[in-house]
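Please read it with the sequence and the structure in view.

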Amino acid sequence: MSYFTTRKVFLTSSFDLNVKEEEKILRFLHLLEESNVASIINKCVKNNTSKGGRPGINYYNLFATILFGFAFGRDTLRDLEDACEYDLRYIYLMEQTKVDHSTICTFINKVIVPYEKEIFALINIQIKKELNIEFDDAFIDGSKFEANANKYKFVWNPTTYHKKISITFFDILKKNSICTSYHFEEQVSSKTVSSSISELCLLKDTLDSSSYNNVLKALTSILSKVVEYEEKERICGPNRNSYYKTDHDATAMALKADYYAGLGTHMHAAYNTQILVVKGIIFSYYVSQSRSDIADFIPILEEFHKLYNCFPKNVCADAGYGSLENYEFMNNNSIGNYVKYISWEGNSSGKNPDCYHLNKDDTITCLNGHIGNQEIIEGRHPRKSKAVFYKINGCTDCPFKLYCMRFNKNTDVDFKIFEVIPDLIKYKQQAEENLLSKKGIEIRVNRSIQVEGVFGNEKQNRNYTRIRRRGLNKASTEAMLVLLGLNIRKLFKYYETKTLPKFWTAPEDLQPQTFKKASAKKLSKKGKRLNEKQYANKQA
């Protein structure tokens, strides 16, 4: 049975839609038909009038209209309602049926919100077939979008206050010899405080009246505060430090475009949106409460695998994603490593290079060419997991000494000890080798075009900088509709031009890139300035 492509026939049409526009819309409806997205709608709504009553809205037409609206600038409920009455394209999609904003809102909350991932995957799989796209080179990037929450109405996680009041609580018990059987809790629970109040009441006859009243008043005040802190900690959860009163899922973040006083000056309610792009089409997204991108790299790849049952062949991302955990995930799933590391910019410019290079025989070579071996340093233990110590001797006359020892307390030694995580260095050098190759140059150029172009287009060209819906689930659904709408726009462009999107291809004579050689003179001056500054801070 056809759900999207079966259209009513009118004896007298009240509109005259452009023929080319009608052809594109029919192809769009055919895409929805072939994607089998109707199976999702069938789970949620029923157009059954066998028991009498008026026929309801055609929900298949309504879904097509909503998706078309998000693709072409009608992405609010009122705009969609208005378009269904005055815009010929939407009138054609709804078959002259008028629909109000509350009906659209109910449909989105009832159908699209609970099945957003399935809807996104089904339609994208069909787009992939039409454009003949292979999951070869994938690009990941993220951007923060402001949430629809009142400004300055955020609440910080009260962990510090909770710890302080816990110390006060146990001091009161100890001072008054009450409930001595309780063990100290770093963050006392409301259950413990209420139990202590109950035991205090049992000791009323043995305590002085004024002392009893003072202690009872203090414990009652502590109980009310602890209950308040526990509620705030419950809303915050274990992985963030703030929430907003009008949108508990929104988190305080510093946005790049701060319309108050510049970058990072004020905190704003926001969500972090990650996308994965292949050939200009967004195939995966992930909306989170993370303040940085590094923790969202694995989740978006897992989302991609869940939707399409495979991983992309290669993944390229900026230095904000370069961590041991992320590199290990790519290695374990046979994904090509084209992810920059944090010190990439310093190495490429030669202004702030790494002080050593890991060799194949598990030794290290410093900037001056000296070899260092792994050693156990008596009285010292690595601060990081999986880290080991390497020692390089002969630093007295080294031209890079001031730079290498810029953070050392004692620079009058003839050796340098490095704390190294060998696995991380191996992955970094693997990524460096890949990124500097001809393929790596091509993939880096395309990353800035494909994935960063998505956020540039949405934020600058379409002025979409703020999520309208509240709550993480609804914000994620809105992001899905916006991103899927962008894919639909690109598909319509393909319908018009009959050509696939073209991206930069490296010329055949392109040579692999090499890093700029580090200057010992410049690095020594930099190290000297840092050492002098560090010494001045100690004296102060």
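Phe68 and Phe492 are both buried in this predicted model. Their rings form an edge-to-face aromatic pair, with 5.9 Å from centre to centre and 70° between the planes. The pair links distant parts of the chain, since Phe68 belongs to helix H3 (residues 59–71) and Phe492 to helix H17 (residues 472–497), 424 residues apart. The points below are grouped by topic.

**Aromatic rings**

- The structure contains 30 aromatic pairs.
- Phe68 and Phe492 also belong to a cluster linked by ring pairs, together with Phe28, Phe72, Tyr90, Tyr494 and Tyr495.
- Phe311 and Phe329 form an edge-to-face aromatic pair, with centres 5.7 Å apart and 85° between the planes. An angle over 60 degrees counts as edge-to-face.
- Phe311 lies in the loop between helix H11 (297–308) and strand E7 (314–317), whereas Phe329 lies in helix H12 (residues 324–332), so this pair ties together parts that are 18 residues apart in sequence.
- Phe329 has a relative accessible area of 13% and is therefore buried, because the term applies under 20%.

**Charged groups over rings**

- Arg406 lies over the face of Tyr403, at 4.0 Å from the ring centre.
- Lys459 lies over the face of Phe145, at 4.7 Å from the ring centre.

**Salt bridges**

- The count of salt bridges comes to 21.
- Glu496 and Lys24 are joined by a salt bridge between their side chains, with 2.7 Å from N to O. This pair also links distant parts of the chain: Glu496 is in helix H17 and Lys24 is in helix H1 (residues 19–35), 472 residues apart.
- Are Glu496 and Lys24 buried or exposed? Glu496 has a relative accessible area of 52% and is therefore exposed, because that term applies over 50%. Lys24, with a relative accessible area of 14%, is buried.
- Asp75 forms a salt bridge with Arg468, and the closest N and O atoms are 3.7 Å apart. The two residues lie in distant parts of the chain, 393 residues apart: Asp75 is in the loop between H3 and helix H4 (77–86), and Arg468 is in the loop between helix H16 (438–461) and H17.
- Asp75 is buried, with a relative accessible area of 8%, while Arg468 counts as partly exposed at 35% relative accessibility.
- Glu478 and Arg469 form another salt bridge, in which the closest N and O atoms are 3.0 Å apart. Both of these residues are buried.

- How are helices H8 and H10 oriented to each other? The axes of H8 (residues 159–175) and H10 (residues 209–236) come within 10 Å and cross at roughly 155°. An angle over 145 degrees counts as roughly antiparallel, and H8 and H10 are therefore roughly antiparallel to each other. Their crossing is left-handed.
- The axes of helix H7 (residues 116–131) and H11 also come within 10 Å, and they cross at roughly 65°. That angle makes H7 roughly perpendicular to H11, because the range for this term runs from 65 to 115 degrees. The crossing of H7 and H11 is right-handed.

**Backbone features**

- Most residues other than glycine have a negative phi.
- Glu95 has a positive phi, near 55°, and is a residue other than glycine. Glu95 is found in the loop between helix H5 (88–93) and helix H6 (101–112).
- Glu95 counts as buried, at 8% relative accessibility.
- Asn309 is not a glycine, yet its phi is positive, at about 60°. Asn309 lies in the loop between H11 and E7.
- Asn309 counts as exposed, at 65% relative accessibility.

Note on methods. Residues numbered from 1 in each chain as written. Predicted model: local features only at pLDDT ≥ 70, side-chain atom pairs only at ≥ 80, totals over all residues. Heavy atoms only, no water. Phe/Tyr/Trp six-rings, centres within 6.5 Å; stacked < 30°, edge-to-face > 60°. Helix = DSSP H or I, 4+ residues; strand = E, 2+ residues; numbered from the N terminus. Buried < 20%, exposed > 50% of the residue type's maximum accessible area, 1.4 Å probe, protein only. Lys NZ or Arg CZ within 6 Å of the ring centre and 35° of its normal. Salt bridge = Lys/Arg side-chain N within 4 Å of Asp/Glu carboxyl O. Axes fitted to C-alpha atoms, helices over the stretch in contact; angles between N-to-C directions. Parallel < 35°, antiparallel > 145°, perpendicular 65-115°, else oblique. Left-handed = near helix turned anticlockwise from the far one by under 90°.
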